[in-house]
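Biologist: I have not looked at this one before. Can you put it up and walk me through it?

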Amino acid sequence: MKNIISIFFLLILNINYAQNYGSPEYQKTRIDEAMYCIKNNELERATSILYSVNKINSKNELGKLALKKADSLLPIVQQKIIRNLIGTWTLFESGSNWGFKTEKDTLIKKVLIITDKNFQFYEQNLKTKENKLIKTEKTTFTKYEDMSDNQFDFVFTDKSIWAFFINKETNVLRQINTGEETDEGRTEIVCGNSELNYKKD
């Protein structure tokens, strides 16, 4: 009997949550949260929240308002992301959450130069200091959202999608493969992502 009561109670809770989640009241609460983030200059978080509000209900006025605000914030956030990445970075380790391998080549140093327009990948001869350009990729953001409603990852010419961000505590630039673009949208890697870690020169 206790089991039946417990199951019934959980069922009621789930129904209430589902109703509240899809309600205009819930959308309004989330929009208020996004506005608070904007006031605190947490623009990335605000943008993600607003896109999620639109996904809840894209047809009502709150959903339309959230989309309009998110679309206006997105280019500002993306430009801020690029500005934070600009600089010359040296690769010191690569791998995934399964483990990392430290760069130990004494002849070649792998260097990444980020500008507002592109990523430039070089191999530098440590003896001659000569830089050999390996490839250049434009700083182009993917147009597809990830599971967190973000559009902050970059897409390369081979359709691979990469997140770039700086760990503020260690000042390490992390380049993480998060998926690839397809004809249907994008894939998303959630475990074992390839990762390259850089230190600033």
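Biologist: How many bridges join E1 to strand E2?

Modeller: Four bridges join E1 to E2 (residues 99-102), and the two strands run antiparallel. Strands pair here if DSSP finds at least two bridges between them. Helices (H or I, at least four residues) and strands (E, at least two) are DSSP runs, numbered from the N terminus.

Biologist: Where do the coordinates and the numbering come from?

Modeller: This is a predicted model, in which local features need pLDDT of at least 70, side-chain atom pairs count only at pLDDT 80 or more, and totals for chains, interfaces and linings use all residues. Residues are numbered from 1 along each chain as its sequence is written, and side-chain values use heavy atoms, with hydrogens and water left out.

Biologist: Back to E1 and E2. How many residues lie between them in the hairpin?

Modeller: Two residues lie between E1 and E2 in that hairpin. As for facing residues, Glu 93 is opposite Thr 102 in E2.

Biologist: What else does E1 pair with?

Modeller: E1 pairs with E3 over four bridges in the antiparallel sense. Six bridges also join E1 to strand E10 (residues 195-200), again running antiparallel. Trp 89 has a partner on each side: Leu 112 is its bridge partner in E3, and Lys 200 stands opposite Trp 89 in E10.

Biologist: Is E1 largely enclosed or open, and why?

Modeller: Strand E1 (residues 87-96) is largely enclosed by the rest of the structure, because seven of its 10 residues are buried. Buried means under 20% relative accessible area, exposed means over 50%, and partly exposed is in between (1.4 Å probe, protein chains only).

Biologist: And how much of the chain counts as buried?

Modeller: Of the 201 residues of the protein chain, 37% count as buried.

Biologist: What is the order of helices and strands along the sequence?

Modeller: The chain has four helices and 10 strands. Read along the sequence, the pattern is α-α-α-α-β-β-β-β-β-β-β-β-β-β.

Biologist: Why is E4 largely enclosed?

Modeller: Six of the eight residues of E4 (residues 118-125) are buried, so the rest of the structure largely encloses this strand.

Biologist: Which strands does E7 pair with?

Modeller: E7 (residues 160-167) pairs with strand E6 (residues 154-155) in the antiparallel sense over two bridges. Eight bridges join E7 to strand E8 (residues 172-182), and these run antiparallel too. Val 155 faces Ile 161 in E7, while Phe 165 has Arg 174 in E8 as its bridge partner.

Biologist: Which residues have a positive phi in those hairpins?

Modeller: In the E6 and E7 hairpin, with four residues between the strands, Lys 159 takes a positive phi near 75°. The hairpin of E7 and E8 also has four residues between its strands, and Asn 171 in the turn has a positive phi of about 60°.

Biologist: Now the helices. Is H3 mostly covered or mostly exposed?

Modeller: Mostly covered, with 11 of its 14 residues buried. Among them are Leu 43, Ile 49, Tyr 51 and Ile 56. H3 (residues 43-56) reaches 20 Å from its first C-alpha to its last, close to the 20 Å expected at 1.5 Å a residue; the expected span is 1.5 Å times one less than the number of residues.

Biologist: How many disulfides turn up?

Modeller: Zero, from a search of the whole structure. A disulfide here is a pair of cysteine sulfur atoms within 2.5 Å.

Biologist: Is Cys 37 buried or exposed?

Modeller: Cys 37 is buried, at a relative accessible area of 0%. Cys 191 is partly exposed, at 44%.
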